[in-house]
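Dear colleague,

I am passing on the structure we spoke about, and below it you will find my notes on what came out of the analysis. Please read them with the coordinates open beside you.

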Amino acid sequence: MSGNSNAGKKKGGGFLARQAQKKKSITEEELLTKDVIRPEDVTKLGKMTENYLCKPSANVFGIEFTRFKIRDMESGDVIFEIAKPDNADDIPQETNNDDDDDPRRGRYVRYQFSPKFLDLKSVGATVEFVVGDKAINSFRMIECHYFRDKLLKSFDFDFGFCIPNSKNTCEHIYKYPELASELKDEMINSPFETRSDSFYFVDNKLIMHNKADYSYNAEM
């Protein structure tokens with residue numbers, strides 16, 4: 001009797017698990033209603049977001065990216081590099097406390113690469129960033145790359161622990177999938193239709209959301 005009872009409970013649990021698995025995707029609209037967005041939420045998105053899923057004010061840890069470099073892992077050649085000027089903090093800036101004034105400000109990048117970029121097998125992305133006066137126990141990024149509404153590849157990187165008021169540097173390795181020649185041609189001939197969402201989490205809570213788009217028709 002007890003064996004049958006346990007079996008019955010097991011079957012019920014399996015049914016609930018199957019029901020939960022049916023919801024493999026979530027919409028942007030559903031995420032925007034949540035008080036806290038977790039890593040498992042953004043991995044269920046089926047396409048590029050149209051809006052930002054959090055405001056700049058969510059970054060209560062004072063995280064700021066100050067340098068970014070992309071290099072080909074095979075040749076070591078630097079493909080792209082940008083850095084915040086050393087005297088940037090001394091330049092007067094207009095102050096505006098309205099997060100909605102320009103939601104893309106500081107959170108959107110446009111990249112222009114040559115067609116050969118699509119032939120690279122892996123690149124190293126070195127990022128330098130500073131943090132404010134709060135310690136960060138777990139800093140994580142999930143980045144999803146799309147061509148139109150097709151997911152090309154997602155990446156999941158852990159920055160680890162960051163001490164307060166520190167400058168940090170790390171390199172993450174992006175291993176790209178092999179793309180069909182027809183898809184490469186489409187991407188080359190469709191500038192800026194390749195896009196990405198970058199979601200940043202501290203202690204599994206979304207605190208930053210950046211976007212980028214890409215073209216692959218720049219001259220060599």
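To begin inside the protein, and bearing in mind that this is a predicted model, methionine 187 touches Leu118, Phe147, Leu152, Leu179, Thr194 and Tyr216, where residues up to four places away in sequence are not counted. Met187 is also, together with Ile63, Ile136 and Phe139, among the residues that touch the most other members of the largest nonpolar core, which holds 33 residues. At least two residues of this core come from each of β4 (122-130), β5 (136-147), β6 (150-162), α4 (181-188), β8 (194-202) and β9 (205-215), and β6 gives the most, with five residues. As general background, nonpolar side chains in soluble globular proteins tend to be buried together. There is also a second, separate core of 14 residues, including Val42, Leu45, Met48 and Phe199.

Histidine 209 counts as buried because its relative accessible area is 0%, which falls under the 20% cut-off. Its side chain makes a polar contact of 2.9 Å with the side chain of aspartate 197, and a polar atom of the histidine 209 side chain lies 2.9 Å from the backbone nitrogen of leucine 53. Leaving aside neighbours within four places in sequence, the residues in contact with histidine 209 are Thr49, Asn51, Tyr52, Leu53, Cys54, Arg107, Asp197, Ser198 and Phe199; of these, Phe199 is also one of the residues of the second core.

Finally, there is valine 109, which sits in strand β3 (residues 108-112). Is valine 109 buried or partly exposed? With a relative accessible area of 35%, valine 109 is partly exposed, because this value lies between the 20% and 50% limits. Once neighbours within four places in sequence are set aside, valine 109 is in contact with Lys211, Ala212 and Asp213. Lysine 211 is 102 residues away from valine 109 along the chain, yet their C-alpha atoms are separated by 6.6 Å.

With best wishes

Conventions:
Residues are numbered from 1 along each chain as its sequence is written. This is a predicted model: local features need pLDDT of at least 70, side-chain atom pairs count only at pLDDT 80 or more; totals for chains, interfaces and linings use all residues. Side-chain values use heavy atoms; hydrogens and water are left out. A nonpolar core is a set of buried Ala, Val, Leu, Ile, Met, Phe, Trp, Tyr and Cys residues joined through side-chain atoms within 4.5 Å. Buried means under 20% relative accessible area, exposed over 50%, partly exposed in between (1.4 Å probe, protein chains only). Helices (H or I, at least four residues) and strands (E, at least two) are DSSP runs, numbered from the N terminus. Contact means heavy atoms within 4.5 Å. A polar contact is a pair of N or O atoms within 3.5 Å; within protein, one must be able to donate a hydrogen and the other to accept it, and residues adjacent in sequence count only if both atoms are side-chain atoms.
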